[in-house]
Amino acid sequence: MIFRRERMTALVLILAGIGFVAVAQRSMNDYILSLINFVGIYIILAVSLNITNGFTGLFSLGHPAFMAIGGYAAAILTFPVRKKAYFLEGLPDWLARVEVPFLPSLLIGGVLASLAALVVGVPVLRLRGHYLAVATLGVLIIVQVLITNFESVTRGPLGLNGLPALTDLWWVFPWVMVTIFVSWKIKFSSYGRTMLAVREDDMAAECCGVNLFRTRVAALVIGAFFAGVAGGLWAHLVTAITPKSFSLVLAFHIVVMVVVGGSGSITGSAVAAMVFSVLTEFFRPIEERLNIYGLGEIFMALVMICILIYRPAGMFGAREPRLFEPEED
Amino acid sequence: MTGGYILQQIVNGLILGSMYALVAIGFTMIYGIIRLINFAHGDVVMIGAFVTLGLLQKLGWPFWLVSVCVLAAGAFVGLAIERAAFRPMRGAPQVTGFIASLAVSIMVQNLGIVFMTAQPRNFTFPDFLQELIRIGPVSFRAVDLVIMLTALVLMTGLILLVRKTRLGVGMRATAENLDVARLMGININRTIMATFALGGGLAAIAGLMWGGKFGQIDPLLGFVPGLKSFVAAVIGGVGSIPGAICGGYILGLAEVLFVGLLPPIYSAFRDAFVFATLILILLVMPNGLMGKRMEDRA
Amino acid sequence: MLQIENLEVYRGRTYVLKGVSLEVGRGEIVALIGANGAGKTTTLKAVSGLLRPQSGRIAYRPETARELALDRVPAEEIVRQGISHCPEGRGVFAGLTVRENLMVGAYLRRDKPGIREDLEKVCALFPILKERASQAAGSLSGGEQAMLAIGRALMARPRLLILDEPSLGLAPLIVARIFELLAEINARGVTILLVEQNAVMALDLSHRAYVLETGRVILSGPSPDIACDEAVRRAYLGGK
């Protein structure tokens, strides 16, 4: 049936989104525009972390590492050749001569991030629970150190700046849609439903034919792809990229969005991403005026603790609002 | 690379290891008793350092009094962390406790930034501690000697407490089997609180030492040493106090020797090396050197 | 001494005890028998405070003049009032030595001479424990661990000793010895509430018994009568 509920909802949303983007790009000022872009990128990050953490019940703090890989890759690829000559002298020749358009750069960044996730995931995903969390934190730090020290390719701690400001809503919006679509497809496939039903219970999962290990690796790899793309979008929004851009604090922010929104809920992650990124912006002028930095972080941490105590399943639990659920055949 | 140089590196490693060991003990005790990683433990180190700064430098209190206050402050913060992050999560899945302690850690760090600003502060110990002592090819400052001796005294005291006292037996019994411990009449809440307080006190003293050794402190100081001490606890085997002590010294030595013996190009990879070791141990030898049974690994 | 009235206990969402009533008189040995899953362990855990009942009363009278509602008291306090619970599977602290295990049993006591006296008594009762005093409890055999668990419970100088399946996994000869010792302990004035799957031995040792089936008491009375009951013989005693 063409007129299935969720397809109608999706169509309405996409059209509304396109309309919104068109209006926004034309009429809003730069500050608001960049804020909306950030919100979009955070939605991509939260929804993709939800694929990794929410659907399979594992806990990864490594998302920013994949962002960094994707971001740096895209940045190096789009960097104008003549700038490469004096900024990045250490680059191997084949890289130094290349200047790649935005879309392929983003895609390559995403793929590289996925490959890294595969390499990392195969050993690390044998762990569970908080040991996995700490191991992914270790991965985050290792990636940070590697980036900081391969100065010939990354300019080390200085990072790259003067990146072309290629990101705008016409780029971010489609990627948000793609991320949500892929998430949605996974979640409501029969495999996805099984995964979610048994994510807490390993034994039940195996009895249902869910290959735990492969599922987890796949979830990490897919999540990493979108994280890599988000990293590329980020780099070309901020027009700069440093090893410190992608830290544990960022990992914590994304985790807060997923947990508060509801681990396993796409809507939850997206809504929480919107709310928290706007709130962070809201705190910034307050912090600056009072000259007290850190208030926004404290607020987020408090919200997190409260949710964990009073509503550990998050705002939406693992469910979507009825409007977004596929109609039963 | 003379023998004297290597000896010097070993001494440096032992000093660093003393500090890691003190913090690792707290991690391992807490894990042993409630099977959860206290991510905020490293930040107690930071608090110890700042309390020292305030009392010693700003107020000019005598050193022994400052040390006692630092112990007390660490115990207090440890108790607060237990109350805020762990007691409400009792019975919840493992990861929830971890996220909660991560949130508390971020909160503590940012409270530090709010009250102290992110600027690093200079930290100077009284002059007599800065004196240089030379034994053969090895030289160190008096403060280093004090660090090592204090660490040894504290660790011995803790081991005696855990082995000989009623509280210690209660802690060990609770760590083995919480329900049966209750059947013995042991008050679980108080025993857990005592564990957090002891761990916190030791971590705070490590903060005092850290400030004295490195001369500069900032609110984010606890993050990396905290994580490394956790690695040390894992190396030694979580749940085992002697393991944590060994792990601390092993890590301190490994880190210093890594930097001291390998060509300088590698020293920047020091932190990556530490965490790669963590992942390797978790995969290959999850019980560490002396650990008891470990809960879920897979 | 102990009176349980209409106890209802949930474990998670399962309704395990559906209105259990039983009584233990001072100085008696009372047995609670039944199949796996009948709710025997749950009953004991409710008495010692590890589980809280949904409804019902648990009245404890250590002396005739005093009564305590155990369902409202924390587990630590219940131990202090003289009830010692020897849990299912023994529950010895494997990493602690035999001596340390025994001393943990006396955790709440402050009278050093009394503790030393009881340690001697326990070692007289179970000489093997004195032999293995400095060994880690985890290295003991099943039978030795059972003796350690009972000895540890005795270190609290209990008025009421609760045992959850002390015979589990033990060779018949050792079980017989343990039950002999339980009779001796009872002769010294300790009231005993015993949960057992080994109905034969339990009925042999006890004065009175209750039969529990899927959360309800279906039969009660003097143990010899229960042992002769047709239904019980068929279900639990292997009779024809």
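User: How many bridges join strand β4 (residues 55-60) of chain C to β5(C), and in what sense do the two strands pair?

Analyst: In general, two strands pair if DSSP finds at least two bridges between them. Here, β4(C) and β5(C) pair in the antiparallel sense over 2 bridges. Within that region, Ala59(C) stands opposite Ala69(C) of β5(C). Strands are DSSP runs of E with at least two residues, helices are runs of H or I with at least four, and both are numbered from the N terminus. One caution: this is a predicted model, in which local features need pLDDT of at least 70 and side-chain atom pairs count only at pLDDT 80 or more, while totals for chains, interfaces and linings use all residues. As for labels, residues are numbered from 1 along each chain as its sequence is written, and chains are lettered from A and ligands numbered from 1 in the order in which they are written.

User: Which strands form the open sheet of chain C, and in what order?

Analyst: Reading across, the order is β2-β1-β4-β5 in chain C, an open sheet of 4 strands with antiparallel pairing. Its edge strands are β2 (14-24) and β5 (68-69), each of which pairs on one side only. Helix α1 (residues 40-48) of chain C lies across β1 (2-11), β2 and β4, running at about 110 degrees to β1(C).

User: How do the axes of α2 and α8 in chain B cross?

Analyst: Axes are lines fitted to C-alpha atoms, for helices over the stretch in contact, and angles run from 0 to 180 degrees between N-to-C directions. In chain B, the axes of α2 (residues 41-58) and α8 (residues 188-214) cross at roughly 55 degrees and come within 7 Å. That angle makes α2(B) oblique to α8(B) (under 35 degrees is roughly parallel, over 145 roughly antiparallel, 65 to 115 roughly perpendicular, the rest oblique). The crossing of α2(B) past α8(B) is right-handed, a term used when the near helix is turned clockwise from the far one by less than a right angle, with anticlockwise being left-handed. Residues making the contact include Val44(B), Ile47(B) and Leu53(B) of α2(B), and Ala203(B), Leu208(B) and Trp210(B) of α8(B). By class, this contact has 13 nonpolar, 7 polar and no charged residues (Ala, Val, Leu, Ile, Met, Phe, Trp, Tyr, Cys and Pro count as nonpolar, Asp, Glu, Lys and Arg as charged, the others, Gly among them, as polar).

User: Where is a right-handed crossing found in chain A?

Analyst: Look at α6(A), which passes α12(A) in a right-handed crossing. The axes of α6(A) and α12(A) (residues 212-238) come within 7 Å and cross at roughly 145 degrees. Their contact has 17 nonpolar, 8 polar and no charged residues.

User: Which chains share the most contacts?

Analyst: Residues are in contact if their C-beta atoms, placed from the backbone, lie within 7 Å. Of the 2 pairs of chains in contact, A and B share the most contacts, with 34 residues of chain A touching 32 residues of chain B. On the chain A side, α7(A) gives the most, with 12 residues. That side has 26 nonpolar, 5 polar and 3 charged residues.

User: How many residues does chain B give to the contact with chain C?

Analyst: Chain B gives 15 residues and chain C gives 19. On the chain B side, α6(B) gives the most, with 5 residues. By class, that side has 6 nonpolar, 4 polar and 5 charged residues. Chains A and C do not touch, and their nearest C-alpha atoms are 16 Å apart.
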